[in-house]
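Student: Hi! Could you walk me through this protein? I'd like to start with how the chain is put together.

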Amino acid sequence: GWVTEHAGKLAGFIIIRASGDEGELLTMAVDTSVRRQGLGSLLLKKSMSVLSQQGVKRLFLEVNERNIA
């Protein structure tokens, strides 16, 4: 996984895993004070790039129906 910073402070993170040609986004979060600034997109693009280099062709995300975000 990876983290991102904003103004010298932890602003977000992403945790992924890969198995064969499939990847799974396990969790991802961006601090509410820095949302809508592209940090989440940056984390996701970085993850997808690395997974692609490892041969991953599909990325999955399971969302709990109670997730209100």
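Tutor: Let's go through strands, the core and charged pairs in turn. Keep in mind that this is a predicted model.

Student: Okay, how do strands S1 and S2 run, and how many bridges join them?

Tutor: They run antiparallel, and five bridges join S1 (residues 2–6) to S2 (residues 9–19). One of the residues involved is His6, whose bridge partner in S2 is Lys9.

Student: And what sits between the strands of that hairpin?

Tutor: Two residues, and Ala7 takes a positive phi near 55 degrees in this hairpin.

Student: New topic! Which residues make up the largest nonpolar core?

Tutor: There are six: Ile14, Ile16, Leu25, Leu43, Leu51 and Val56. S2 and helix H1 (39–53) each supply at least two residues of this core.

Student: What does Leu25 touch, leaving out residues up to four places away in sequence?

Tutor: Its contacts include Ile14, Ile16, Leu44 and Phe60.

Student: Now charges. How many salt bridges does a search of the whole structure find?

Tutor: Three. In one of them, the side chains of Arg17 and Glu24 meet at 2.8 Å, N to O. Another pairs Asp21 with Arg58, with the closest N and O atoms 3.3 Å apart.

Student: Why does the Asp21 and Arg58 pair tie together parts that are 37 residues apart in sequence?

Tutor: Because Asp21 lies in the loop between S2 and strand S3 (22–30), while Arg58 is in strand S4 (residues 58–60).

Student: Is Arg58 buried or partly exposed?

Tutor: Arg58 is partly exposed, with a relative accessible area of 39%.

Student: And where does Glu22 come in?

Tutor: Glu22 also forms a salt bridge with Arg58, the closest N and O atoms being 3.4 Å apart. Through shared partners, salt bridges join Asp21, Glu22 and Arg58 into one network.

Methods
Residues are numbered from 1 along each chain as its sequence is written. This is a predicted model: local features need pLDDT of at least 70, side-chain atom pairs count only at pLDDT 80 or more; totals for chains, interfaces and linings use all residues. Side-chain values use heavy atoms; hydrogens and water are left out. Two strands pair if DSSP finds at least two bridges between them. Helices (H or I, at least four residues) and strands (E, at least two) are DSSP runs, numbered from the N terminus. A nonpolar core is a set of buried Ala, Val, Leu, Ile, Met, Phe, Trp, Tyr and Cys residues joined through side-chain atoms within 4.5 Å. Buried means under 20% relative accessible area, exposed over 50%, partly exposed in between (1.4 Å probe, protein chains only). Contact means heavy atoms within 4.5 Å. A salt bridge is a side-chain nitrogen of Lys or Arg within 4 Å of a carboxyl oxygen of Asp or Glu.
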